[in-house]
Amino acid sequence: MGKGRPNKPTELKKLEGTYRKDRAPKNEMQPGKLDIVPEAPDYFDDIASSTWHQKATELCNMGILSTIDLDMLAKYCEAISIATNAAIKLKTEPLILKTKNKSGAVYHQKNPLITIWKDAVAEANRIAGQFGFTPSARAKISIPDIKQEDPFEKLLKKA
């Protein structure tokens with residue numbers, strides 16, 4: 001039997017205007033939002049670090065990056081890095097490899113980098129949908145209004 005649609009967070013339902021108190025969980029988890037972009041993990045290569053900086057900055061600017069999202073964002077960046085590195089290697093390697101079996105017969109086989117690339121792209125796409133990184137995923141998400149404080153008001157508060 002199928003899993004059905006994943007549950008939407010209450011915050012998202014309120015933004016979309018589909019929230020109903022009678023159907024809402026009583027104590028839904030409300031993770032803390034990040035105000036600053038965290039540093040990328042130390043083990044990232046340049047591609048993963050660049051992806052991290054770009055995506056984390058965008059999510060943080062929209063006010064939707066939470067502390068508990070960081071592990072999944074890291075997995076997304078890793079998948080993008082793996083896919084990109086595989087694609088780069090495939091530019092210099094043949095797509096079809098000639099291989100000999102134990103008896104010496106030659107046969108053709110798809111380059112394993114193709115499978116690595118496909119798996120990484122599939123994983124990146126799966127995670128991208130959770131963060132709204134695809135056009136169809138974005139169409140389903142409404143972000144909170146981020147109210148910019150007037151600099152003059154800010155100065156008045158300090159006085």
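Is the crossing of helix 3 and helix 4 left-handed or right-handed?

1. The crossing of helix 3 with helix 4 is left-handed (the near helix is turned anticlockwise from the far one by less than a right angle; clockwise would be right-handed). Helices here are DSSP runs of H or I with at least four residues, numbered from the N terminus.

2. This is a predicted model, in which local features need pLDDT of at least 70 and side-chain atom pairs count only at pLDDT 80 or more, while totals for chains, interfaces and linings use all residues. Residues are numbered from 1 along each chain as its sequence is written, and side-chain values use heavy atoms, with hydrogens and water left out.

3. The mean pLDDT (the predictor's confidence in each residue, from 0 to 100) of the protein is 84, and 77% of its residues reach 70 or more. Confidence is highest in helix 3, at a mean of 97, and lowest in helix 6 (residues 151-158), at 63.

4. Helix 3 (residues 70-90) packs against helix 4 (residues 112-131) at about 150 degrees, the axes being 8 Å apart. Helix 3 is therefore roughly antiparallel to helix 4 (an angle over 145 degrees). Axes are lines fitted to C-alpha atoms over the stretch in contact, and angles run from 0 to 180 degrees between N-to-C directions.

5. Among the residues of helix 3 that meet helix 4 are Tyr 76, Ile 80 and Ala 83; those of helix 4 include Trp 117, Val 121 and Phe 131. Contact means heavy atoms within 4.5 Å.

6. Ser 81 lies in helix 3 and is buried, with a relative accessible area of 6% (buried means under 20%, with a 1.4 Å probe and protein chains only). Beyond its neighbours within four places in sequence, Ser 81 contacts Asp 45, Ile 47 and Ala 48.

Definitions and conventions: Helices (H or I, at least four residues) and strands (E, at least two) are DSSP runs, numbered from the N terminus. Angles under 35 degrees count as roughly parallel, over 145 as roughly antiparallel, 65 to 115 as roughly perpendicular and the rest as oblique. Buried means under 20% relative accessible area, exposed over 50%, partly exposed in between (1.4 Å probe, protein chains only).
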